[in-house]
Amino acid sequence: MKILNFGSLNIDHVYQVPHMVRPGETLSSSSLDHFAGGKGANQSVALAKAGLDVWHAGKIGEEGVWLTELLQKYGVHTEYVESYDGPTGHTIIQVTPEGQNSIILFGGGNQSIAREEIDRTIANFSEGDYLVLQNEINEMPYILQAARARGMVICLNPAPFDQKILSWPLEVVNLLVVNEIEAQELAGVEGTFQEVLDELVRKYPDMEILMTVGKEGAYFGRKEERIHVPIVEAPVVDTTAAGDTFFGYFLASRIKGLSVKESMERATRASAVTVSRPGAMDSIPLASELD
C-alpha cells in the first residue's frame, strides 16, 4: 500500500502585522519570513512526520527546487514533482499578534498540471493505494476519476472552497475532511455543527466525513456513527498549517489501525503543537514528539 499526495507546492511569504490590512491602508510589517508551504506539501509532510511513506506529485518553477529538497529532508518521495519554465506557486500571509492569518494565494505551477502528467503519475499506483487531494491544483475532476479507475482510496480536503467543487464527482471520495464553512457550502444548509454534519452524511452516505470546527474541536460522521473530540489548548503563535496537520495525522493514524476517535485525538494533539510554532510545514511535529 502506497500513499500519493497530488497537491500544491508553495513558497510562503509571511508578514507579521499589528492587524489585517484594511482597504486603502498601507501597513508596516515588523518582519518578513519565507517558509515552504502549500496545503499539499504541508499534508505530505504531516503524513511523513506521522510515520508513513508518502509520494508527492505537483509542479514547480526553477525557484521552487528547494521545496522538493525540504520535502526529501522530511522523508517525502518527490520523483513525481514536475518542473517547468514558469513561477512556483506562492502565498502572501499576514499574521497578527494573536496568531490569526490572512492569505493571498497565487497558483503558479499548481495550476499548470497537464493530463498526461496526471496519467503518468497515477499509473505508478494500484488498487488499494491512497490518494490525498486538496483544491490548490487544476484538473481536479480528472484526477478524481483517474484515481477511482485505478481503485485508489480517495481522501479529499476541498480547501480553499469554491463553487466548482459542487460539480466534481464527489461520490468517488472515501474520506472528506472539511472545516465548518466548507461543510456548510457542501451541505447547502446552515445550522448547528451536528445538523450540518447530518446533512452531509445524508448526501454522501458512503463517505467518511471529518469536520473541524475551530475552538469547538472536530466531528466525525458516517452512516449512524457520530464522534466529537474537543481541542487541546495550546498557546497560539501561527495557525497556518493546523488543518493540514490534523488531516495528515488523522489519516496516518487510521492507516496504522487506530480507531476513529483515537485518530481524532492524536490529530488534535498534533495540531496543538503546530499552532504553537511559526511557519507551515516546519511547524508540524514529529510522531515522536507526541509519543
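The structure is a predicted model, in which local features need pLDDT of at least 70 and side-chain atom pairs count only at pLDDT 80 or more, while totals for chains, interfaces and linings use all residues. Residues are numbered from 1 along each chain as its sequence is written, and side-chain values use heavy atoms, with hydrogens and water left out.

## Pockets

Rolling a probe the size of a water molecule over the atoms shows where empty space is left. Here the search runs on a 1 Å grid over the protein atoms alone, and a pocket is an open set of points where a 1.4 Å probe fits, with protein on both sides within 12 Å along at least five of seven lines; lining residues have an atom within 4 Å of a point. Grid points are joined across faces, edges and corners, and a volume is the space filled by probe spheres set on the points. In the table, Ala, Val, Leu, Ile, Met, Phe, Trp, Tyr, Cys and Pro count as nonpolar, Asp, Glu, Lys and Arg as charged, and the others, Gly among them, as polar.

| Pocket | Volume | Lining residues by kind |
|---|---|---|
| Largest pocket | about 1500 Å³ | 23 nonpolar, 16 polar, nine charged |
| Second largest pocket | about 160 Å³ | six nonpolar, three polar, three charged |

The largest pocket has a volume of about 1500 Å³. Of the 48 residues that line the largest pocket, N179, T239, T240, A242 and G243 are the closest to its centre. The largest share, five residues, comes from α7. The second largest pocket is lined by residues that include Q111, N135, M140, F161 and W168.

## Helix α1 and the residues around Q43

Burial is judged by relative accessible area, where buried means under 20%, exposed over 50% and partly exposed in between (1.4 Å probe, protein chains only). By that rule α1 is mostly covered, since eleven of its eleven residues are buried, including K39, G40 and Q43. Just after α1, G51 takes a positive phi of about 110°.

Q134 lies in the loop between β8 (130–133) and α4 (140–150), and Q134 is buried, with a relative accessible area of 1%. A polar contact is a pair of N or O atoms within 3.5 Å; within protein, one must be able to donate a hydrogen and the other to accept it, and residues adjacent in sequence count only if both atoms are side-chain atoms. The side chain of Q134 makes such a contact of 3.0 Å with the side chain of N5, and another, of 2.9 Å, with the side chain of Q43.

N157 is found in the loop between β9 (153–156) and β10, and N157 counts as buried at 6% relative accessibility. The side chains of N157 and Q43 are joined by a polar contact of 3.1 Å. Contact in the wider sense means heavy atoms within 4.5 Å, and, leaving aside neighbours within four places in sequence, the residues in contact with Q134 include K39, G40, Q43 and N157. With residues up to four places away again not counted, N157 touches K39, Q43 and Q134, among others including E182 and D244.

Rings of Phe, Tyr and Trp (its six-membered ring) pair if their centres lie within 6.5 Å; planes under 30 degrees apart count as stacked, over 60 as edge-to-face and the rest as tilted. By this rule the count comes to four aromatic pairs. The rings of Y80 and F125 have their centres 5.7 Å apart and their planes at 65°, so this pair is edge-to-face. Y80 lies in strand β5 (residues 77–83) and F125 in the loop between α3 (115–122) and β8, so the pair ties together parts that are 45 residues apart in sequence. Both Y80 and F125 are buried. The pair of F220 and F250 is tilted, with 6.5 Å from centre to centre and 35° between the planes. This pair links distant parts of the chain, with F220 in strand β12 (residues 218–222) and F250 in helix α7, 30 residues apart. W55, Y80 and F125 form one aromatic cluster.

M152, in the loop between α4 and β9, counts as buried at 2% relative accessibility.

Conventions:
Helices (H or I, at least four residues) and strands (E, at least two) are DSSP runs, numbered from the N terminus.
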